[in-house]
Amino acid sequence: MIILTLNCGSSSAKYQVYDWENKDVLAVGIVEKVTMEGSFIGHKAKGREEIVFNHNCPSHTDAIDLIIKTLTSKENGVISDMSVIKAVGHRVVHGGDKFTKSVIVDNAAMDAFTAMQDLSPLHNPANIMGIKAAQKVLPDVPHCAVMDTAWHQTMPPESYLYAVPHEWYEKYQVRRYGFHGTSFLYTAKRAAALLGQDPFKTNLIICHLGNGASINAVKDGCSFDTSMGMTPLEGLVMGTRSGDVDPSLPFYVMRKTGMTDTEIESALNKKSGLLGITGKFTDRRDIQAAAENGDKQALLAQNIEAHRVKQYIGAYQATLGRVDALVLTAGVGEFAWFMRDKILNGLEGIGMVYDPKKNEVARTRNAETLISKAESKIPIFIIPTDEELVMTEDAYALMKGTYDTHTKFDYSFQSKDYVNKGRAEGLVHDLKKNPALAEIITKPR
């Protein structure tokens with residue numbers, strides 16, 4: 001049985017093909033520049049080199065059609081035909097407060113996602129387009145929606161309510177929702193396994209650091225607070241998003257410049273963050289290279305980003321009281337050792353003592369590593385996230401009728417015996433390039 005997962009952005013369509021019986025990933029890939037000139041697909045099948053080729057994709061329907069043709073082609077395919085795909089899992093960024101768990105997509109769900117477009121204008125429209133496009137190509141299989149916001153529905157009112165007129169919440173659903181929930185679910189369960197603890201007796205601070213970034217305070221295995229808010233704009237400094245700013249700032253700039261509310265919203269989402277500070281960079285590798293070459297704005301961008309992350313780590317430690325582990329994940333968290341160095345340096349006073357040498361070695365998506373020193377009161381893990389696996393397991397369970405909220409549902413990766421076959425194979429190659437990795441790999445207790 002094959003499960004297909006799709007993650008559609010405004011100009012992209014990311015996919016994974018999973019063999020349920022063998023618990024193995026058959027292929028991963030992404031179509032980029034959808035609806036734009038120069039669209040192309042990058043496709044990596046198990047045991048083969050990645051291929052990249054150009055293909056015109058004026059719509060998401062075209063992109064998904066390209067994915068299907070690639071997956072079934074004689075040259076690069078991994079399945080014989082589409083009949084072997086029995087379910088499709090879709091990422092939906094904003095589920096509001098209507099969804100506490102993943103659901104099979106029906107008309108009511110689509111209406112709800114559409115109604116929430118105002119809350120996530122940069123994400124939900126693309127997610128909806130992706131679902132509709134996939135339904136056209138695969139009309140006879142269940143399509144399942146996995147919401148980034150569902151994980152955070154356990155937050156208490158003191159975490160999710162803003163200090164604004166309460167009628168705004170009652171009438172317009174103004175509240176903190178939080179995002180990256182699928183990533184937080186996976187890493188929270190894995191951290192509990194690494195600690196050898198009951199996941200529902202585990203307190204964590206998880207930093208999902210990528211182009212989009214947020215931090216989650218996890219109390220007794222459930223989301224208790226998070227840095228992103230009503231939209232993904234609040235919180236940390238990100239690639240192009242400002243994160244936290246004075247609420248009066250947009251009004252001040254509008255008065256000074258004559259910019260409209262739409263232009264301000266676009267500037268805060270697409271022209272701010274690291275791009276706004278440096279004027280040209282969003283990729284941390286580019287920023288690091290520029291900083292090493294004396295670019296003062298690049299160095300400033302790094303320092304501002306790290307400062308903001310530290311603020312949230314300290315705040316969430318105070319909120320939780322007891323912290324069993326600090327977890328870093330996503331692209332920056334997993335690979336940008338130089339940013340981790342800036343973030344972790346100075347946290348000794350709150351019991352988090354990292355090892356700079358271990359930190360520099362920890363650069364892999366194929367193993368979980370421990371980079372704290374022995375004297376650290378709080379262990380510091382780097383756990384590569386696996387949102388696609390969560391989507392896959394949710395889709396399968398929904399199809400079988402066995403699914404429930406994560407507090408009542410067991411995932412395969414919660415087990416101390418869990419092995420990701422693809423990552424195990426990839427680790428062999430990583431160790432050849434970076435043998436020191438072997439010394440910091442950590443296993444479940």
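## Cavities

Searching the whole of this predicted model turns up three cavities of 30 Å³ or more. The largest cavity comes in at a volume of about 40 Å³.

Who lines it? The lining of the largest cavity is made up of Ala188, Lys189, Ala192, Pro199, Phe200, Thr202, Leu204 and Gly221. Helix H6 (residues 181–195) is the top contributor to that lining, with three residues.

## The open sheet

Six strands make up an open sheet with mixed pairing, and their order is E11-E10-E9-E12-E14-E13. Strand E11 (222–226) and strand E13 (369–370) sit at the edges with a single partner strand each, so one side of each has no neighbour in the sheet.

Take a look at E9 and E10. Strand E9 (residues 204–209) runs antiparallel to strand E10 (residues 213–219), and six bridges join them. Ile205 stands opposite Ala217 in E10.

## Aromatic rings and charges

There are 10 aromatic pairs in the structure. One of them is Tyr160 with Tyr169, a tilted pair at 6.2 Å centre to centre and 45 degrees between the planes. Tyr160 has 14% relative accessibility, so Tyr160 counts as buried, while Tyr169 is partly exposed at 21%.

Elsewhere, the charged end of Lys219 sits over the ring of Phe224, 4.9 Å from the ring centre. There's also an aromatic cluster formed by Tyr186, Tyr403, Phe409, Tyr411 and Phe413.

Technical notes: Residues numbered from 1 in each chain as written. Predicted model: local features only at pLDDT ≥ 70, side-chain atom pairs only at ≥ 80, totals over all residues. Heavy atoms only, no water. Pairing = 2+ DSSP bridges. Helix = DSSP H or I, 4+ residues; strand = E, 2+ residues; numbered from the N terminus. 1 Å grid on protein atoms, 1.4 Å probe; cavity = no way out; pocket = protein on both sides within 12 Å on 5 of 7 lines; lining within 4 Å. Points joined across faces, edges and corners; volume = space filled by probe spheres on them. Phe/Tyr/Trp six-rings, centres within 6.5 Å; stacked < 30°, edge-to-face > 60°. Buried < 20%, exposed > 50% of the residue type's maximum accessible area, 1.4 Å probe, protein only. Lys NZ or Arg CZ within 6 Å of the ring centre and 35° of its normal.
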